[in-house]
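The exercises below go from the whole chain down to single residues, each with a worked solution.

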Amino acid sequence: MNPSFSKRDWITIIAGVILILIGRFLSPVAALSAGGNTALFFMIALVLFLLTNVLPVGLIAIISIAFLPVLGLVESLDVAANMFGSTMFWFSLACFAIAAVMTNLPLSKRISLLILKIAPKNINGVISALFVATALLSAFMSNFSAAIILTAIAKQFLDIYDTDEEKEKSKSALFIAIVLGAAIGGVVTPMGSGCMVIAKNFLEQSGFPISFVQWIAFGLPVAIVMFFATLFCLTHFLKPVPLSEEKITNYIKKLESELPDKWSIQEIIAAVILAVTLVFWLLNYNMILVALLCTVLLLFPGFGILNWKTFEGETGWGTVMLIPALMVVVSVLNQQGVLGWLVDALLKIIPAGASSFVVIVMFGVFIAAILIVMPSGPVITTVMVPIAISLAEGLGLHPVALALAVSFFATFGFIIPTETVALMVSDGGKNFSSKDLPKIGLPVSIVAILSCAIWLPICTGIFF
C-alpha cells in the first residue's frame with residue numbers, strides 16, 4: 001500500500017463514509033426530506049475530505065459526480081454527468097487513467113514481452129509481435145501511449161543487429177508496424193481512440209446505441225484482415241534483415257531481466273481493477289458508471305497505483321476538453337443549417353441507387369484524401385459522423401455501419417507521416433523514412449476501405 005496514506009487518512013475516509021451512511025439511512029434532520037438529509041451529509045463528507053486534504057481535489061470532484069445517482073440524489077449517472085458536462089468527458093478521463101497506469105507500471109511491458117515470447121523467433125515473428133502488442137494495448141488505451149511503450153522496445157531490439165546498415169534496412173518495418181498497429185488496434189473497442197469515443201456518443205445521441213461487445217464484432221475482423229495485409233506489405237516491400245533464433249531469444253531474455261521478477265501489490269490491484277472494468281464493459285453494464293469507478297479506484301491514494309500529479313501530467317486535457325467542445329460546435333453547425341447543406345452536397349455526388357459497398361468505398365476515399373491535407377481524426381469524425389448518420393437511411397444503409405466506417409477511416413492516417421502517432425514514432429525522421437510509409441500505408445488503406453465496405457454492412461445486419 002502507499003505509505004503516504006497514513007492511519008489518520010484511513011480514519012478520515014471511514015469517517016466520511018459513516019457520515020454518508022448516516023445521511024442515507026438515518027431519520028432526516030429537522031424538516032429535511034430523506035433526499036435532503038442524504039445530500040446534506042454527503043456534502044459534509046466532501047467538505048471533510050477537502051479540509052483534511054486526504055484525497056486530491058480532482059478525485060473528490062469525480063466522487064461527487066459518481067455518487068449522486070448511487071445515493072439516489074439524481075435519476076441516473078447520465079443526468080449527473082450532463083449536469084457537469086458531456087458523459088463522454090468522463091469516459092475519456094477513464095481511458096487516460098488506464099493509459100497512465102499502463103505506462104507507469106510494468107503491466108504493458110509484461111504484455112508485450114509475453115507476445116514476443118509466443119511469436120515465432122524470426123524477424124517476421126518479431127514484427128508481428130510488435131504489431132499485435134501495439135494493437136492490443138491501443139484497443140484499451142490511447143494510440144500514442146501504446147506506441148510510446150512499443151517504440152522503446154523496438155529501439156532496444158535494433159541493437160541486436162551487428163551493423164548500422166542492417167539497422168537502417170530494418171528499422172522502417174519495425175516502427176511502421178507500431179504506427180499501423182496503434183491506429184488499427186484503436187478501432188477494436190469504443191475506447192480505442194478519440195474518434196471511437198466521438199462516434200459512439202453521436203450514435204447514442206441519435207438513438208443508435210452500440211454495446212462494447214457489438215463494437216468489437218465490428219472492429220476486430222477489420223483489424224485482423226489489416227494485420228495480415230500490413231505484415232505482408234512490411235515483409236515484402238521493406239524486407240527487413242533476417243535474424244537468427246538465438247539472437248532473438250537472447251534479446252527476450254534481456255527484456256525479462258529488466259522487469260521485476262514478482263508482481264508488485266500495485267500491479268496486482270491495477271490488473272484486477274482493469275480486468276473487472278473490462279468484464280463489466282463487455283457485459284454492457286453502464287459504461288459511464290464503470291468508467292468513473294475505475295478512475296476513482298486507480299487514483300485512490302491508499303492503493304498507490306497512480307498519484308494525481310502523475311495523472312495530471314500524462315492526461316491529454318486538451319483532448320478531454322476537445323471532445324465536448326467539438327460536440328457543441330457540431331450542434332451549432334446543425335442549427336445554422338451547415339450540416340444539411342453538406343448532406344445535400346454529398347447526395348449529389350453519390351450515384352443514385354449505389355450499393356452499400358460503393359457508398360462506403362466513396363466515403364473511405366474521400367476521408368483518406370481529407371486526412372492528407374487535414375490530419376486530425378477527431379475533427380473529421382466530429383464533422384462527418386453526424387452527416388453519415390443523416391445520409392445513411394436515404395442511401396439504404398444502417399446509420400451504425402456508415403458512422404463506424406467514417407470513424408474507422410478517420411483513424412487510418414497511413415499515407416503520409418503527419419498523423420500524431422506517426423510523427424511521434426518517427427522521432428523527427430530518425431525511426432523510419434517518410435518515403436517508406438506510403439509504400440505500406442497506401443495498400444493497407446485500400447485493404448481497410450474494402451474490408452470495411454464488405455464487413456460493416458454484414459455485421460450491422462447481424463446486430464441491428
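Predicted model: local features only at pLDDT ≥ 70, side-chain atom pairs only at ≥ 80, totals over all residues.

Residues are numbered from 1 along each chain as its sequence is written, and side-chain values use heavy atoms, with hydrogens and water left out.

**Exercise 1. The overall picture**

Work out how many helices and strands the protein has, and what share of its residues is buried.

Solution. 
- Start with secondary structure: the protein has 22 helices and zero strands. Both are DSSP runs numbered from the N terminus, helices being H or I with at least four residues and strands E with at least two.
- Next, burial: of the 464 residues, 53% are buried. Buried means under 20% relative accessible area, exposed over 50%, and partly exposed in between, with a 1.4 Å probe and protein chains only.
- Then look at contacts (heavy atoms within 4.5 Å). Among contacts with a separation of 6 or more, 77% join residues 24 or more positions apart.

**Exercise 2. The core**

Find the residues with the most contacts inside the largest nonpolar core, then list what Leu180 touches.

Solution. 
- A nonpolar core is a set of buried Ala, Val, Leu, Ile, Met, Phe, Trp, Tyr and Cys residues joined through side-chain atoms within 4.5 Å.
- The largest one holds 162 residues, and Phe157, Leu180 and Ile305 have the most contacts inside it.
- Now zoom in on Leu180: skipping residues up to four places away in sequence, it touches Phe131, Thr230, Phe414, Leu437, Ile440 and Val444.

**Exercise 3. α20 and its two partners**

Describe how α20 packs against α19 and against α22.

Solution. 
- Take α19 (residues 377-392) and α20 (residues 399-411) first: their axes are 8 Å apart and the packing angle is about 160°. Axes are lines fitted to C-alpha atoms, for helices over the stretch in contact, and angles run from 0 to 180 degrees between N-to-C directions.
- The pair is therefore roughly antiparallel. Under 35 degrees counts as roughly parallel, over 145 as roughly antiparallel, 65 to 115 as roughly perpendicular and the rest as oblique.
- The α19 and α20 crossing is right-handed. That term applies if the near helix is turned clockwise from the far one by less than a right angle, and left-handed if anticlockwise.
- Residues making this contact include Ile380, Met384 and Ile389 of α19, plus Leu402, Val406 and Ala410 of α20.
- By class, the contact of α19 with α20 has 11 nonpolar, three polar and no charged residues. Here Ala, Val, Leu, Ile, Met, Phe, Trp, Tyr, Cys and Pro count as nonpolar, Asp, Glu, Lys and Arg as charged, and the others, Gly among them, as polar.
- Turn to α22: the axes of α20 and α22 come within 9 Å and cross at roughly 150°. That makes α20 roughly antiparallel to α22.
- The crossing of α20 and α22 is right-handed.
- On the α20 side sit Ala401, Leu404, Ala405, Phe408 and Phe409, meeting Ala448, Ile449, Cys452, Leu456, Pro457 and Thr460 of α22. The tally for this contact is 10 nonpolar, one polar and no charged residues.

**Exercise 4. One threonine**

Is Thr460 buried or exposed, and which residues does it contact?

Solution. 
- Thr460 lies in α22, which spans residues 436-463.
- Its relative accessible area is 4%, so Thr460 is buried.
- Leaving aside neighbours within four places in sequence, Thr460 is in contact with Phe218, His398 and Ala401.
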